[in-house]
Amino acid sequence: MGSLPNLETPPQISRISTVVPATPRGEENSAYNLNYMDLLMKLHYIRSIYLFNSKAVQNLSISDLKAPMFQLLDSYSHVSGRVRISESGRPFIKCNDAGVRIAESHCEKTLREWLDEKEYSVDELVYDHVLGPDLAFSPLVFVKFTFFKCGGLSVGLSWAHILGDAFSARNFITKWSHTLAGQAPPKSLHMPNLTKPQFLSNSVYDNPISIKRATTIEEYWLAATDSYVATHTFHITSKQLHHLLTTSTSTNININTKTKYFEIISAMIWKCIGQIRGNFGPRVVTICTTNISNRAENEFPTNGSVLSKIETSLSPGESEISELVKLIAEKKMNENHGLEKMMEEGEGKDDFIVYGAKLTFVDLEEGNFYGVKINGQKPILANCDFRGVGDQGVVLVLSGPEDYNGNNGRMVTISLPGKELDQLKCKLSFSCKLQPWNFLRESEQRGDTTTATTITTTSTTVSVTMATTNIATTTTFVLR
Amino acid sequence: MPPILPDFSSSVKLKYVKLGYQYLVNHIITLTLIPIMIGVSIELIRLGPNEILNLWNSLNLNLVQILCSSFLVIFIATVYFMSKPRTIYLVDYACFKPPVTCRVPFATFMEHSRLILKNNPKSVEFQMRILERSGLGEETCLPPSIHYIPPKPTMESARGEAELVIFSAMDSLFEKTGLKPKDIDILIVNCSLFSPTPSLSAMVINKYKLRSNIRSFNLSGMGCSAGLISIDLARDLLQVHPNSNAVVVSTEIITPNYYQGNERAMLLPNCLFRMGGAAIMLSNRTTEKRRAKYRLVHVVRTHKGGDDKAYKCVFEEEDKEGKVGISLQKDLMAIAGEALKSNITTMGPLVLPASEQLLFLITLIGRKIFNPKWKPYIPDFKQAFEHFCIHAGGRAVIDELQKNLQLSTEHVEASRMTLHRFGNTSSSSLWYELNYIESKGRMKKGDRVWQIAFGSGFKCNSAVWKCNRSIKTPIDGPWTDCIDRYPVHIPEIVKL
């Protein structure tokens, strides 16, 4: 993840063009100032994909897909701008209408073949995009449309974190899909309400530890890492979540669609990583949530993250999941004030990384990634990862696709150094080849019925076997 | 020997002298006739009606002589009216407004250039400098296939652009004039650099199902002045065919002509040429007289192709790598100036008022006979025309003409603002400029307009129109949504 993009020969043959705002900015709107949180995140990039099947796409052409963006970019003035460095050395964005880059490519595989081969990976469905070496001419957003042989479409967004957080990136694509559907784009976007951080006693004012100074690779806005960081997405179905909840915590909790699983999933992964790393298991982690209530769609892109640290004397590999859940829920310390102070002291000129400076858990459960609709159809898959993260690792928790019961599972996208990721995969032992949710949806359409669901539990493993008239699938997850 | 006109023209007294002189010379016929008429009427009144009757009877005119004289008068009158050229009316015209999906702001153009020419930073620098000084704005448009990095011009996309531009303009024209496709008798399409088979005029005939006995022409390769050449052709045809409508379509198709190499002399057109097109309806029917906007007065065409330097100054050729582009020589402005002088020399006597012509004649004689050191007198064309439409070929062209013809800022405003909003749309730019003047509400009945266009060859063509009826704002056209923002101040160098 710390490698430079291959600029000489693109991996897939894509046609590249640019989309600009429909009306010119005018001189008075030209400079957009970046606040401390924007500048903290400048070396990170958010990448998300939305996969639609042919029923949703219905032969939309590339010009149909590009046309709504012109109107949309009128409200997102700084998204089409470019980074400039002011005389004091502080970066800002010049709203010069340079625009958003679009890549179009055609894939020889069908959507199913692609998913079978690549699973949930974001890699080739988004353009390999970083800012630099000419910052003044680097687009901040890159959208890639991949057309599959079966008529399916992938919309891949690469969004520079300096513009806004993952919710803002998702809002951008959602608004695009609305404009595509024929709704008029918003005249202007309002600044979101930043709720005051509630627990002032839990705030850290000095020496925040959630960030680390970074060295960039050459002239690019990308941090160098000591080891190669890889990413993998695990899909946890709602049944598995339910099991996790009941077996790990002592209380009986009513499960409904609003239940947040972030804490328990984070605790589980923390424990696993603690076991992998042994004595060097992370006693300090960063939790990233949002401090803006109700991320509405018509809000201006913003970095509204709350970065909190958790310091513990316990060894995470040996603790119970419920103890870790309690730590995450109650003992996190908000570092935003400290971060602001540190950033402003450096006058915004320093380079930091946030994700991966310490093991970071990012809560994107509320991000309604499946709200992006084309022709009224939801995507069959949506995923998100970060590029440019540090080698302590990042865990993203997003909501998963709907299964045949209407419940959402969770997708957990984990970025770790390669060796650790392989060990984690073994530990978690999710069966990756068959995707039960996908298969179940199609089997339901075929009219199959589920004949048996058996759940067997031993002291170390939980197996869930679902059988339909044609085939049985088993997923096992192992806890030690 | 002192020159006829003293040099201190800032004196107020001199201004009145000048005005008096102009009035005297321009109305010399009226001023000589009036005393004669007064003299005759006084004489007649003095004679009294009886005397006049006696005078008449003494002439001894018999019937044959009266009949012959009246036949002679009628004969001369008939010959006069028959040989008078038909009046050509411009009923209305429509300009193509590019969609927002084709917009190219400066920053985007520069970025694309940097990416396409990344092996030639010098060429990128050069393009940057041209763009900064070009006078173009942030809303000019390029066709969709040029938005790609690198551009992917195909025959299909070129046809697509042609269809978009020409059909939009024609639909708009039909709507404005109520013209039915079946009523078009003459069709002329001019597009210099894209000439497919079947021709663009055949494409129009196919789309609108025009009549099979239509007289259609397709002019290609004639450069940016081809619009006025088409008007001239239409005029000649309308002299021959009575009661006819002619439609002229002027456009330039950018898609196949975007230069993809890095030779500096050939990069200039990329920076300036933009999408645009216009459709014009001309007619010689007397029924159109009431609603026609303009009447065509003169068309003057000047061709300097006989001079080798003029011939080579805008030349399409292959560069060292085999990429085709249009090469512009450094002496382009000088040659344009020469061509303009030629054109003015022919145009002057047709349009200038007698006072200016007399002054010019006297200075000319004086220079030839008395003293060659006298400054040549540049006639004041502002007295002949109310509005000027100078082809928006580039900022340098407009500056040069403003200097040569001594025009004020307001006179060249239409040209500069068209260059800013639409770029150099080649042969159709004159129509965008005319539309600007109308949109600003400055066109009144009786106003004379001078359209000047330059083109490869090297040609300088001009047309003179007279406004037939006052045109009320707001008018429907490409300037509708932005006319209130204009005029804008265009800085010498734009900061990118």
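I took "buried" to mean under 20% relative accessible area and "exposed" to mean over 50%. The model I am reading is a predicted one.

**Entry 1, strand E5 of chain B.** I looked up how enclosed this strand is, and I found that eight of the eight residues of E5(B), residues 245-252, are buried, so the strand is largely enclosed by the rest of the structure. In a regular strand the side chains alternate between the two faces of the sheet.

**Entry 2, the strands paired with E5(B).** I noted that E3(B), residues 186-191, runs parallel to E5(B) and is joined to it by six bridges, with Val189(B) partnered by Val249(B). With E6(B), residues 276-283, E5(B) pairs in the antiparallel sense over eight bridges, and here Val248(B) has Ile280(B) as its bridge partner.

I checked the unreviewed UniProt entry, which lists "domain: FAE" for residues 80-368 of chain B. Over that range I read 43% helix and 19% strand, with the end C-alpha atoms 38 Å apart.

I turned to the surface and found a nonpolar patch of chain B with about 1100 Å² of accessible area together, its members including Leu24(B), Ile28(B), Met37(B), Val40(B) and Leu55(B). Helix H2(B), residues 28-58, gives the largest share of this patch, eleven residues.

Terms used:
Residues numbered from 1 in each chain as written. Chains lettered and ligands numbered in written order. Predicted model: local features only at pLDDT ≥ 70, side-chain atom pairs only at ≥ 80, totals over all residues. Heavy atoms only, no water. Patch = residues over 30% accessible without salt bridge, like charges linked within 9 Å, V, L, I, M, F, W, Y side chains within 5 Å. Areas by Shrake-Rupley, 256 points an atom, 1.4 Å probe, with all protein chains shown as cover. Salt bridge = Lys/Arg side-chain N within 4 Å of Asp/Glu carboxyl O. Helix = DSSP H or I, 4+ residues; strand = E, 2+ residues; numbered from the N terminus. UniProt positions renumbered as here; feature names shortened; annotations may be inferred. Buried < 20%, exposed > 50% of the residue type's maximum accessible area, 1.4 Å probe, protein only. Pairing = 2+ DSSP bridges.
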